[in-house]
Amino acid sequence: MALCEIRPTRKDTFMMAEESVSGELESMAVSTHGVLAQNISFGIEVDTTNTNENTGALDEGVPIIGGQRAQISGEIVLRGLDSLSTEPDWFLLLKAAAMAVTQYASPVPASPEAVTAGTDTGVTLGASFSNTEGDYNGAALDLPGVNPNDPIPIRSHNASRQVDLFYDNNDVNISGTAQIPAQFVLSPVSPASGTMPRISAGIYSGGNLHQLYGGVVTASLRMNAGQNVILSFTISGVYQAPIAAEPDAVLAKPDNPFVFRNGFSRVEGLSARCTSVAFNLTNQIFVNPDVEHPTGYCPPEIVSRRITGDTNPTTVQVTTRDPWAKLLANQNSHMMFMAKAGAGGAGNRLYIGMNNARLLNAPPDASGEVARTNIQTQLDDANDGFFITIV
């Protein structure tokens, strides 16, 4: 008797590519477009129309199949970079979720420059820095006089070169020199129609390749103390009929994940010792029917966005940090979190933060051994205020 053929799901492989022609399937191969991912799933949404035609029998008519759409969901363990000259593959997911990348290929300025007018939460940068408002929002700033080991991210930057930091120096004015090291910064954008990158993506599973194209993304990030940083994603796109195919390569698994430890958590610039952090990039995705398209639908579009954040700082007295006052006064807060891959160093420090975070709720939580406050926020800033930085 012939053996039963089985194909382990352990061999399933995910790949994706930016489309060179937006809305058209990009040719892909695992050797060049494969991405390490886990908990991958491929879903197909099929329109059906029920009929009530009389046939002379008791049986109801079967539905008629119409348009089709597809989704790929999964998770990526974020890892440190060997080089700050090349974007990691998962940046493509965030660009297709309406975020843009700013790369600092070399330090700004070329040599550290003295700061002036320092307070405990900000400084005025020297003349070699840009005086264009917002240029450095989200960028991490080397301030050896404050923290010689790790840069401190900038909350906001104005035309007078004054910067506010995601940091509170405990009533000691910041002084010394400053420099922006090489890094990547991602922040939200509202791209003009047709300019946002679109994704073709596929899953090899069971000897077949399942694909979609014209994809846009909704995503979330989570950081739990002592654990890996996880990017969850859903790509929504146009369904492509599967083909029989096997992956052309096996993906390597580098051992440099970002772990939420040996970093910091700051709420209102103060140490927060959070154990749980989550940010959600919730995009409303609309799929427009198109009678001229073979599937009955155009590629999907992002039509609105909501960025929210949740965390649980240790509770302190309201004289130190008072989220309830800000909540009742409709005022904004800010928060920043940092994880490291290994011991840190260039390309191995990940910052995720939100400025202008409108407080939605802040209930006290005494369910554990340590009193905490469950802070819930939503970004209150157009095209700004949420940052992902690798330095």
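These questions and answers walk through parts of a predicted model. Local features need pLDDT of at least 70, side-chain atom pairs count only at pLDDT 80 or more, and totals for chains, interfaces and linings use all residues. Residues are numbered from 1 along each chain as its sequence is written, and side-chain values use heavy atoms, leaving out hydrogens and water.

User: Is Val146 buried or exposed?
Analyst: Val146 is found in the loop between strand S8 (140–141) and strand S9 (152–157). Strands are DSSP runs (E, at least two residues), numbered from the N terminus. Buried means under 20% relative accessible area, exposed over 50%, partly exposed in between (1.4 Å probe, protein chains only). Val146 has 17%, so Val146 is buried.

User: Which residues does Val146 touch, not counting residues up to four places away in sequence?
Analyst: Contact means heavy atoms within 4.5 Å. Tyr167 is 21 residues from Val146 in sequence, with 10.0 Å between their C-alpha atoms. The residues touched are Ile152, Tyr167, Asn169 and Ile174.

User: Which residue stands opposite Val163 in S10?
Analyst: Two strands pair if DSSP finds at least two bridges between them. S9 and S10 run antiparallel, joined by three bridges. Opposite Val163 stands His157.

Technical notes:
Helix = DSSP H or I, 4+ residues; strand = E, 2+ residues; numbered from the N terminus.
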